[in-house]
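Let's take a walk through a protein structure together.

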Amino acid sequence: KGVENIAITGTGTIDGSGDAWRFVKKEKMTDGQWKKLVNSGGVLSDNGKEWYPSENAKLGAKLSSDQNVPDLEGIEEHQKVKDYLRPVMVSIVESKRILLDGPTFQNSPAWNIHPLMSEDIIVRNINVRNPWYSQNGDGIDIESCKNVLVYNNTFDVGDDAITFKSGKNQDGRDRGMPTENVIVKNNIVYHGHGGVVMGSEMSGDIRKVHISNCTFMGTNVGLRFKSTRGRGGVVENIYISNIDMINIPNEPITFNLFYGGQAPSLEQGQEALKKAKEVEAVPVTVETPAFRNIFMKDLRATGSGRAAFFMGLPEKNVENVHVENSVFEADQGITAIDVDGLVLTNVKVISPNDNALTLYNAKNVTVKDFSYDEDGKSPVRVIGNKSANIKLQKKDFKAAQTQVLKENEVAKNAVSIN
């Protein structure tokens, strides 16, 4: 903390002995792994679905209503659940001119690497590893930092890989330190909940980020944007280009402003339209998160569950997202809910068993040079009585009247095809 001109270099390994700290969910292990873990000691949750290293750690989980934070005050109270309080492995706080170059960082109790309120940071040529089952086993979490380079690294982790944060809720807004001026390039991500992730703790803002020339292989989600009501903050001016995504079980691109702490899954996405129809808009306040001005181009994704998923808030839509010159091959097409200003240019969606593009309460959408599987379902489906000013190109459809489906509640003039 509070240091300058520090470098961690070489080819060695920093190991955090995370297995001694972390609780483990049974669903994330094979039967053999689970049996070995249980026989090693520790205690099980009351339902037998989670393993804890001690009764102390189990008590901490019971007393936590907000993910990993026990509802306790004072040192004495926290001593009772000491085993539950897992540290990050490499913590860089209020520091300047930091270099990480070469080592392997692995097996962390919580996050692997956490630069916080620091500046002028270079992270290059490192390997970051955690077991698939590692709870909160993020790769690197860049929080309230500026002037950061992350390049030529490899990640294979248990949670999000390359993550941007800026504080949570009131604490983050009071701190008021955005993450900004960051370049991420030439990285490979294998397992992880997300390849590059914005949020969900983004209450102090994230802005001016450029991500390019990365490959995600088997990552749950490629580009993951997440937040929820109560956060506040703005994520804006994000530029992403030349990303290859292979065998992504969920989506290459996800925006979820109803994030609740769960790992991404297709089932959550499938419930999204139902949820959108049930959720009412609430007043916009300082606690309302905003995602806007995000530009993506030259994305290539194969073997995905869904091509892309956008879900804003009814009171604060995801705004001004552009995707161009991109190809998505997936079981399901693009779904966009509560978006304003979505632009798709020269985008191809190969999803023969689903609509290539589904829009729900989408406004000011422009789709041009759009291609899709000709033998699939109707390529475009529009839903919701708030859908408006959706512009399609006539040349993209052989029979627009049948290929563009509008549900009954959609206003007659909501969609134009010219």
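Which residue in β5 does L44 stand opposite? The residue is W51. Before going on, note that this is a predicted model, where local features need pLDDT of at least 70 and side-chain atom pairs count only at pLDDT 80 or more, while totals for chains, interfaces and linings use all residues. Residues are numbered from 1 along each chain as its sequence is written, and side-chain values use heavy atoms, leaving out hydrogens and water.

Strands are DSSP runs of E with at least two residues, and helices are runs of H or I with at least four, numbered from the N terminus. Strands pair if DSSP finds at least two bridges between them. Here β4 pairs with β5 (residues 50–52) over two bridges, in the antiparallel sense. They belong to an open, antiparallel sheet of three strands in the order β3-β5-β4. Its edge strands, β3 (24–25) and β4 (43–44), each pair on one side only.

In the loop between β13 (127–129) and β14 (140–143) you will find N136. Although N136 is not a glycine, its phi is positive, near 60°. N136 is buried, with a relative accessible area of 14% (buried means under 20%, exposed over 50%, partly exposed in between, with a 1.4 Å probe and protein chains only). S144 sits in the loop between β14 and β15 (146–151). S144, also a residue other than glycine, has a positive phi near 50°, and it is buried at 2% relative accessible area.

Finally, visit the loop between β20 (194–198) and β21 (206–217), the place of S200. A cis peptide bond joins G199 to S200, with omega about 5°.
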